[in-house]
Amino acid sequence: MALLQRPFIVLLLIVTHQFLQYWVAFGLVNEEGQKQEEFNEELLLKPLPDRKVLAHFHFHSSAPPSTSNGRHHHLFPKAISQLVQKFRVKEMELSFTQGCWNYESWGGFDPIPSSNAKPPGVELWAVFDVPQHQIDASWKNLTHTLSGLFCASINFLEFTTTYSAPEWSFPPASGNLRYGTLPREAVCTENLTPWLKLLPCRDKAGLAMLLDRPSIYRGFYHSQRLHLTSTGSGSEGMDSGIILEQTLTVVLRPNSQRASMAHASEKHIQPSWSVSSIFGKQVSGRCFLAKSSNVFLLLDRGLVAELKHLHKENEKSAANGLTSKIFWTNPSFELSANPDRVFIEENSMHSKSSSVLYKFQVEKYSESEPFDLGLIWKVPVVWLCQQAPLHAGRFLMGSGNERGAIAISLKSTQLSEGFMGVNADDERCELRVDVFQVVPWYVKVYFHSLQVFVDQQPKAVSDTIEKIHVSPSKDKVSPGVMEVVLKLPCLVKSAALTIEFDKVCFSLYLFSY
């Protein structure tokens, strides 16, 4: 008799499990009527001028403030919540990056490179809500915890020679911020797997299913970022709310290449691609625990302007072609799926061209009808991404490796007029440039030798530097930090900062460990 009841019990457990999934996702309302945890997932796809594709994953998790004694999490990762509460972290950002962002080919002015173009290796900064004398101890404990959580060598940032204390280079900085980098840290799947485990559905459902390891790590650029912000107050028995943002930015080349790509004269012809050709997988639906799941396709201003030009050459109606609801069926390209909404940028500063954003809702798709967005190009298209007003570079001057000077070069991208509009000719128009430079403890920088050149002409420091903060290095104790805010005319062509330095002679016992 007991054997006959087993199928019924198993079926009941399966139905109950499915019911609990929907209850957790949509019925997160407790008896006190407090706001509950939420999770959203997004994917932005953007064709690049050099025949590559930018994929930007964004996962947003939030946990509201709670008055309960010991919070029970339904969606929010418990490890992150415990980390924030134990070390009193007010704000933190951790990134693992492989490769260098190509500002000339992939752009340098839109929000993606501004927030997600990171230096190679590991970068970590955190703001603590603790007294000044406890910040270094909290930083040390935080680095050890993150090292175990993400299976990396972040614990090496515990030494005072590896991190600094910026004053105002970071917006949240208020004296309680610490910053450190590990440029030589290798990034691999051991770092990505713990990062994915913080998601409610991990990589088993939703947009995270596309994160196939071979597809991700064969890319030209890969950066996974974790940014958390503590909201509210943790006093009087109330746990502070937490907002966790996980982003993964990767630049890939589609697998589907045309046969004509072998000809050098056609190297700029855009290859057709789809989600499955980039990641090797399709999206079989959203994560059941996600409040929203969307995929966006972005055509930047340069591409839209070139498409308008092609429409005019083909004697098409350019005015209606880029603003009508059937823009995805224009003669230049074709989309394999119809978007749910189309957004056209409205910006008076860029009246000549506007970017176009297509929105696709993943919740409409399933395993029987998976989502596989494809972009098919019909004509060759060549364009340039929008550049930042200035390109920055850094190099060493002098001969030998003992004495010399550090030079920071700023060159105009010849787009200042288009960037600033009609105000570029105004004498009062200025560009603000923030410079944050950290040097190792064994590099002795002579800050009094700081010189500024504008358009290859020397300028007085007081005329070009709005404010400056200097923290000299200490032998085998802490690195040197220089924070500078420059004010340059909008039509500047080039600028440079130079500062002299000496290197300390090493003893062999310093490297005996």
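Helices (H or I, at least four residues) and strands (E, at least two) are taken as DSSP runs and numbered from the N terminus. The structure is a predicted model, in which local features need pLDDT of at least 70 and side-chain atom pairs count only at pLDDT 80 or more, while totals for chains, interfaces and linings use all residues. Residues are numbered from 1 along each chain as its sequence is written, and side-chain values use heavy atoms, with hydrogens and water left out.

An open sheet is formed by three strands in the order β17-β21-β20, with antiparallel pairing, where two strands pair if DSSP finds at least two bridges between them. Because β17 (430-439) and β20 (465-471) stand at the edges, each with a single partner strand, one side of each is left without a neighbour in the sheet. Ten bridges join β17 to β21 (residues 480-489), and these two strands run antiparallel; arginine 432 has lysine 487 in β21 as its bridge partner.

A search of the whole structure finds one cavity of 30 Å³ or more, a cavity being a set of points, on a 1 Å grid over the protein atoms alone, where a 1.4 Å probe fits but cannot get out. The largest cavity has a volume of about 60 Å³, a volume being the space filled by probe spheres set on the points, which are joined across faces, edges and corners. Its lining residues, which have an atom within 4 Å of a point, include Gln437, Phe447 and Met482. At least two residues of this lining are supplied by each of β17, β18 (443-454) and β21, and the largest share, three residues, comes from β21.

Notes: On a 1 Å grid over the protein atoms alone, a cavity is a set of points where a 1.4 Å probe fits but cannot get out, and a pocket is an open set with protein on both sides within 12 Å along at least five of seven lines; lining residues have an atom within 4 Å of a point.
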